[in-house]
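Hello,

Here is the structure I said I would pass on. My notes on it follow below.

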Amino acid sequence: MNRVEEANKMMQKLGVKENSLAKSFDEFETVKNNFIYGEVWNQGNMDEKLRSIVTVAVLTTVEGKDLEEQIRVALNIGVKPQELLEVFHQGVPYIGFAKAEKGLEILKKVFDEKNILMPLEHSGVVTEENRLEKGISVQKSIFGERIDKMRASAQGQQKIMQDYLSAYCFGDTYTRKVLDLKTRELITFVCISALGGCDNQVKSHVGGNLEVGNSKELLISAIYQCLPYIGFPRSLNAISAINEIAK
């Protein structure tokens, strides 16, 4: 089966429809679909659900036109509504509330169409009193004792940033139910890689992913899945970081 046939077969399987640009820019849409669904979608060692979660994460980060379609794809292949919502919770500390809320508007539109009742069950587990403590605990489970050194070395007002990082990124977010730690750390890596200009953070979260049990091969597969939406420069930078840290 050639890649054009593979693309058509995969699009049919996933329920992908050509977007609103297809009629005016049919050649562009053909090149895009053949690359994404005839080549990239079958690349690497991710299962379909994780592949779909990664795609929703990267499209939310770059505010991609295909986000609505890929949310539908995710539901079509069995990703649960609660799991999709957690992609936005996990990504927001890295991409910001503005992008995440744009994505949530699209998520709500699809949920409304499919009669998925909201609000969904809450998944947060920390309290105002323990969110910092729980966040530091999760940080150290991923990055080790260097978290203590990093917090201790913060000067003046920078200590506030370290508390925000521990309590918000990790306490409010990584402790949540529904998605496991490996999936959460992969989403973080994908979002940061898609942003560009975050080389140090990308390397740090390559190490974090390896520490929680995600393999080098899985990380590369995730970047291949992101490639059509973030382009070659950011993808190659991320792969370079993977190769450097995975040594």
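Leaving aside residues up to four places away in sequence, I147 touches Q139 and K140. This is a predicted model, so please read everything here as computed from it. I147 sits in helix 8, which covers residues 146-153. Its relative accessibility is 4%, and because buried means under 20%, I147 counts as buried.

Next, the helix pair. Helix 3 (residues 48-62) packs with helix 12 (residues 216-245) at an angle of about 45 degrees, and their axes are 9 Å apart. The two helices are therefore oblique to each other. The crossing of helix 3 past helix 12 is right-handed. On the helix 3 side, the contact is made by L50, R51, V54, T55, V58, L59 and V62. Helix 12 contributes L218, A222, Q225, C226, Y229 and I230. By class, the residues of this contact are 10 nonpolar, two polar and one charged.

Last, the core. The largest nonpolar core has 67 residues, and the members that touch the most others are Y37, L84 and F189. Helix 12 gives the most to this core, namely 12 residues. What does L84 touch, not counting residues up to four places away in sequence? The list is V56, I71, A74, L75, V79, L107 and F111.

Regards

Terms used: Residues are numbered from 1 along each chain as its sequence is written. This is a predicted model: local features need pLDDT of at least 70, side-chain atom pairs count only at pLDDT 80 or more; totals for chains, interfaces and linings use all residues. Side-chain values use heavy atoms; hydrogens and water are left out. Axes are lines fitted to C-alpha atoms, for helices over the stretch in contact, and angles run from 0 to 180 degrees between N-to-C directions. Helices (H or I, at least four residues) and strands (E, at least two) are DSSP runs, numbered from the N terminus. Angles under 35 degrees count as roughly parallel, over 145 as roughly antiparallel, 65 to 115 as roughly perpendicular and the rest as oblique. A crossing is left-handed if the near helix is turned anticlockwise from the far one by less than a right angle, and right-handed if clockwise. Contact means heavy atoms within 4.5 Å. Ala, Val, Leu, Ile, Met, Phe, Trp, Tyr, Cys and Pro count as nonpolar, Asp, Glu, Lys and Arg as charged, and the others, Gly among them, as polar. A nonpolar core is a set of buried Ala, Val, Leu, Ile, Met, Phe, Trp, Tyr and Cys residues joined through side-chain atoms within 4.5 Å. Buried means under 20% relative accessible area, exposed over 50%, partly exposed in between (1.4 Å probe, protein chains only).
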